[in-house]
Amino acid sequence: MAGKIKNYYPGGNTVKGFYSFYDSNLQGLERLFILKGGPGTGKSSLMKKVGNEWVEKGFNIEFLHCSSDNNSIDGVIIPALKVGIVDGTAPHIIEPKAPGAVEEYINLGLAWDAEKLRLHKSEIQSLTSRISENFQKAYSIFREALEIHDDWEKPYINSMDFKKADELTNKLIGNFFGKMELNKKADVRHRFFGAATPKGAVDFIPNLTEDIPKRYFIKGRPGTGKSTMLKKLAAAAELKGIDVEVYHCGFDPNSLDMVIFRELGLCVFDSTAPHEYYPSRDGDEIIDMYEILIAPGTDEIFADMLSKIASQYKIKMAEATTYLAKAKELHDELEVFYISAMDFSKVEKIQNNIAEEIRSMAK
């Protein structure tokens, strides 16, 4: 029987630029292969092949997806073997904690013809610079969008019953955890379930929650306390020794969008756009923050203003996405130079060496 694949993003394109949670997700590994090499050198394909081999053998794996390329991954982890492979090139530079003993650099540059690349030095440098410029433009527009989003939140924050918000959170903490105190340190992982990508907002909520019997869908508006409640739930679980998967907002990593307590078979997530879902199976339940916490009529009172803000925000997010798409387009052009200079038979040998070492570890 094949294993299962868990999909998520260890880093993302955010209002803070590229934001990384790699360290959180690589903790505890006893062997980590860090791939170095330019674009188009086969890093993603190598990791997919190794991962799929172990899925077919019945092992569960984790694919760490790339927020800048919808078809690529930036890493694969085989938790049962405590082994992983990651792309260690910018912007996700991985610093070894125990070089040689745990982490090992794998240089795919050994498989390219440097002479061929030098012939296109100016084009490569120009494309690299233009890619960076487009990412910076996207990040700048995300920051403008965040300011608009802050204005979107204000009417709701001013209309919120904070006492009720605390009561709701404490009630959920009691219902979820009760007097539970586990005699262990909680394993806490920080990551993203979705990301701003060249194709717009993408998420892996269905995949990440498919085995969770009890799912709570938080509904509400911007500023209705969803993230604050999730932070308190995560903190309470950690104090009790309960493992937590903490999923940050792919737009603003200071906010949370989901927490999963797999040991308890439950998760709570912000189920509003752009990751809006509705109950679809037994065990699904809605928590409507607007209905519970916000003064009745708030939507209607501020309808015109909120409509304009929502429209401005949508325009900014679409504009930022065009720059991410342009960066991807330029990256594809850059890959052509590297692909033409690569000897992929050498990459295959490198892949086989890694795969064989992992197999020997499993024995």
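Let me begin with proline 91, which is found in the loop between strand E7 (83-87) and strand E8 (103-107). Helices (H or I, at least four residues) and strands (E, at least two) are DSSP runs, numbered from the N terminus. The peptide bond that joins alanine 90 to proline 91 is cis, with omega at about 5 degrees.

Before I continue, a word on the basis of these values. This is a predicted model, in which local features need pLDDT of at least 70 and side-chain atom pairs count only at pLDDT 80 or more, while totals for chains, interfaces and linings use all residues. Residues are numbered from 1 along each chain as its sequence is written, and side-chain values use heavy atoms, with hydrogens and water left out.

A cis peptide bond also joins alanine 273 and proline 274, where omega is about 10 degrees. Proline 274 is in the loop between E15 and strand E16 (284-288). Most residues other than glycine have a negative phi, and most peptide bonds are trans. With that in mind, please look at lysine 82: this residue is not a glycine, yet its phi is positive, at about 55 degrees. Lysine 82 is in the loop between strand E6 (73-78) and E7. Its relative accessibility is 39%, so lysine 82 counts as partly exposed; buried means under 20% relative accessible area, exposed over 50%, and partly exposed in between, with a 1.4 Å probe and protein chains only.

The loop between E15 and E16 also holds serine 271. Is serine 271 buried or exposed? Serine 271 is buried, because its relative accessible area is 0%. Leaving aside neighbours within four places in sequence, serine 271 is in contact (heavy atoms within 4.5 Å) with Phe217, Ile218, Lys219, Glu276, Tyr277 and Tyr278. The C-alpha atoms of serine 271 and tyrosine 216 are 8.8 Å apart, although 55 residues separate the two along the chain.

I turn now to helix H7. Helix H7 covers residues 226-239, and its 14 residues should span 20 Å at 1.5 Å a residue; the end C-alpha atoms are 20 Å apart, which agrees. The expected span is 1.5 Å times one less than the number of residues. Which residues of H7 are buried? They are Lys226, Ser227, Met229, Leu230, Leu233, Ala234, Ala236 and Ala237. Their packing partners are helix H5 (162-177), strands E12 (214-219), E13 (244-248), E14 (256-261) and E15 (266-270), and helix H8 (289-293). After H7 comes glycine 241, with a positive phi near 80 degrees.

Two packed helices are described by the angle between their axes and the distance between the axes. The axes of H5 and H7 come within 10 Å and cross at roughly 35 degrees. Here the axes are lines fitted to C-alpha atoms, for helices over the stretch in contact, and angles run from 0 to 180 degrees between N-to-C directions. On the H5 side, Asp166, Leu168, Thr169, Leu172, Ile173, Phe176 and Phe177 meet Met229, Lys232, Leu233, Ala236 and Ala237 of H7.

H2 contributes Leu46, Lys49, Val50, Glu53 and Trp54 to the contact, and the H11 residues include Val347, Ile350, Gln351 and Ile354. Glutamine 351 lies in helix H11 (residues 344-362) and counts as buried because its relative accessibility is 13%. Not counting residues up to four places away in sequence, glutamine 351 touches Leu46, Lys49 and Val50.

Alanine 145, in helix H4 (residues 121-158), is buried, with a relative accessible area of 0%. Beyond four places in sequence, alanine 145 is in contact with Phe251, Tyr313, Lys316 and Met317.

Finally, the cysteines. How many disulfides does a search of the whole structure find? The search finds 0 disulfides, a disulfide being a pair of cysteine sulfur atoms within 2.5 Å. Cysteine 66 is in no disulfide, and the nearest cysteine sulfur, that of cysteine 249, is 18 Å away. For cysteine 249, the closest cysteine sulfur is in cysteine 267, at 17 Å, which is too far for a bond. Cysteine 66 is buried at 12% relative accessible area, and cysteine 249 is buried at 14% relative accessibility.
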